[in-house]
Amino acid sequence: MNKLLEVKGLTYKKNLRTILKDVNLDVESGKIIALLGENGAGKTTLMRIIVAIAKHYQGKVLLNGDGSEVYRKANIAMTDNLKGLSDSTKVGEIEEFYQKLFVDFDSSKFEQLRSFMKLSNDMKLGQLSRGMREKLEIALTLSREAKLYLLDEPFSGIDPMSRKRIINSILLWKSADSTIIISDHFVNEITTILDEVVTVKDKKIASHLSADDIRAKGHSIEEYYESLYADEGAE
Amino acid sequence: MQFQDNIPIYVQIEKYLYRQIALGKIKPGEKVPSVRQLAVDLTVNVNTVQRALNQMNTEGILEVRRGLGSFVTTDTELILQKRRELIKDTMSEFLESTAQLGLTPEKTLEELKKFIEEEKGD
Amino acid sequence: MTTFKALFNQMGKKKRRSVYLLALLQLVAGSVFALWAFFSNGGAFSNTDKPVAWFVMVATFTPFTDIAYVILSAWQNEKEYSSQTWRLVPISSSKFYLANILSAIVNGLYLVLIQIGMGIVTFLPAFLSKDIRTNIWQINQAFGKETHFWQKVSDSFPIGEILSAFLAFLLFAILVYSIITTLNLSSRTITDFLPDKHSKLVHFVIMIILIFIFIVLTNNLGGLLNQLRWGDTDNGLLAFAESNLVMALIDIILGSINIWLLKDFHEGK
């Protein structure tokens with residue numbers, strides 16, 4: 001396993017507020033990692049910085065040792081809210097948009113994901129329910145042959161059955177050397193597929209452990225995550 | 001299959017496979033499903049399955065052949081031994097839980113006999 | 001990595017929609033007015049002029065349509081700079097910026113082409129009128145007698161000046177889009193460095209201040225350039241070259257500022 005992503009001494013401020021402070025994170029290739037933290041802990045910001053969308057930060061972000069923004073964008077697939085496209089855009093047009101703009105986009109993979117998610121090409125973006133929209137975002141992201149996938153709270157609006165199928169397709173299709181980082185503010189049925197758990201708390205990476213190491217100490221991932229916030233009383 | 005969340009997944013996968021082998025669902029010399037297939041069937045990570053298989057390879061229960069997959073050992077004695085271990089494990093787990101209910105091993109045996117008789121009567 | 005061409009095409013696709021929509025609107029609005037004029041007695045057109053009513057009415061809407069296009073395409077440009085969906089595309093900030101502006105201009109030219117086409121089509125009914133046919137025939141005859149026809153044409157429309165004027169138009173179009181982008185990106189960047197309380201109001205105030213600074217700057221710069229004028233300003237070509245050079249320079253300066261803001265500061269949401 002070699003080092004895929006390296007975040008060194010990352011500090012990010014916006015509107016005079018510090019959102020991330022001296023964050024360090026090393027990620028190896030071929031892993032499935034959960035990024036856990038409360039709402040507003042900075043998970044999305046961290047992902048946006050990794051994929052070079054958020055700017056003007058201090059510190060280094062290297063993918064395979066390369067810090068250039070174009071390289072990072074070309075090799076990292078991040079779920080996107082698709083807000084840049086109008087509500088009248090059809091699913092088929094969005095597929096074409098991705099296929100034309102991302103050379104690693106695999107249309108046949110998208111077709112399979114699209115069909116089991118029951119999305120049809122002539123559905124318009126504005127008509128999709130929250131869950132359907134999230135499915136579309138995941139399908140688009142997973143259809144890219146990236147080195148690193150960043151899924152930002154991908155399952156919140158999706159029913160358990162579909163969640164399971166999405167997880168299965170991840171297991172089926174993930175190439176051996178690509179890494180997936182999934183952020184969430186609670187631990188759900190994804191725990192069994194995790195290699196590692198990274199927690200974000202107080203603007204920093206609070207911990208980075210192997211999932212089975214946590215279990216080896218007799219804790220479930222959920223218990224472990226909740227214990228991080230235990231000293232603060234009820235949420 | 002349902003996993004317990006406070007025991008390492010790879011340990012549970014090992015146990016699952018041991019049980020399959022001990023019950024004869026996968027026979028000596030037979031090929032174990034591929035890593036990816038197992039990962040999808042059990043909804044676990046490929047790396048975790050690999051770790052479990054590697055562990056079993058070291059113990060000699062499985063034989064990993066490069067490019068072909070993993071095969072169950074033809075050493076039936078080893079399989080029987082593993083089966084005995086599994087039975088032992090189950091027993092000690094059982095005794096542990098009855099001990100928590102305040103039963104001594106002797107008392108547990110008594111209760112168990114009674115229970116089995118009752119079940120037969122039904 | 002995404003090619004410039006691929007991004008240019010996708011950005012152009014969105015703008016082409018506005019082009020078709022606006023051209024259609026212009027045609028429909030012009031036609032409705034022409035119909036109204038045609039059937040109203042003693043209205044805008046005398047009986048002899050009625051055959052050209054369609055052409056005149058559709059042509060009248062041209063400037064409004066073009067202005068509407070500039071507004072729509074500029075809005076689309078700014079939307080793409082601020083959108084994560086677009087900014088995730090693996091391409092350098094400079095190519096992203098150029099693809100956006102050029103796609104806006106190319107589609108603007110496309111709109112003009114469509115408008116010329118509409119002009120020709122709407123003029124066709126005029127051939128139904130005998131008067132107009134005679135007129136056209138007479139003009140044709142007059143041209144036919146003229147032995148140095150093309151000489152005359154190139155005298156009244158010198159090719160060098162036409163090209164310079166076209167270049168000036170392009171540079172001006174780039175300037176308009178660049179100014180809007182500079183105002184938008186710089187005001188948003190400044191807002192990001194201020195507390196996020198009342199951020200909308202803060203952004204608005206900053207925008208006003210920037211526009212004010214911009215106007216003052218343009219005034220002073222204009223005065224300065226007037227003093228610096230060199231050469232024979234009576235020579236049309238030279239005057240064109242001079243103003244084109246200045247405009248190109250400003251385009252490059254604003255463009256560099258915009259690319260810098262895109263690369264290092266402005267984030268897509």
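Helices (H or I, at least four residues) and strands (E, at least two) are DSSP runs, numbered from the N terminus. This is a predicted model, in which local features need pLDDT of at least 70, side-chain atom pairs count only at pLDDT 80 or more, and totals for chains, interfaces and linings use all residues. Residues are numbered from 1 along each chain as its sequence is written, chains are lettered from A and ligands numbered from 1 in the order in which they are written, and side-chain values use heavy atoms, with hydrogens and water left out.

Q: What makes up the secondary structure of chain A?
A: Under the DSSP rule for runs, chain A has eight helices and nine strands.

Q: Why is chain A called as compact as a globular protein of its length?
A: The radius of gyration is taken over C-alpha atoms, and the globule rule is 2.2 Å times the number of residues to the power 0.38. For 235 residues the rule gives 18 Å, and chain A has a radius of gyration of 18 Å, so chain A is as compact as a globular protein of that length.

Q: What share of the residues in chain A is called buried?
A: Buried means under 20% relative accessible area, with exposed over 50% and partly exposed in between (1.4 Å probe, protein chains only). Of the 235 residues in chain A, 57% are buried.

Q: How do you know that chain A and chain C are in contact?
A: Contact means heavy atoms within 4.5 Å. By this rule, 33 residues of chain A are in contact with 33 residues of chain C.

Q: What area do chain A and chain C bury between them?
A: Buried area is the accessible area (1.4 Å probe) that two parts lose on being put together, summed over both. For chain A and chain C this comes to about 3,000 Å², 52% of it on carbon and sulfur atoms. In chain A, N15(A), K55(A) and L101(A) lose the most area to chain C, together 21% of what that side buries.

Q: Why is the pair K14(A) and E267(C) called a salt bridge?
A: A salt bridge is a side-chain nitrogen of Lys or Arg within 4 Å of a carboxyl oxygen of Asp or Glu. The closest N and O atoms of K14(A) and E267(C) are 3.3 Å apart, and the pair therefore meets the rule. Across the interface of chain A and chain C, the rule finds five salt bridges.

Q: What makes D5(B) and R215(A) a salt bridge?
A: Their side chains meet at 3.1 Å, N to O. The count between chain A and chain B is one salt bridge.
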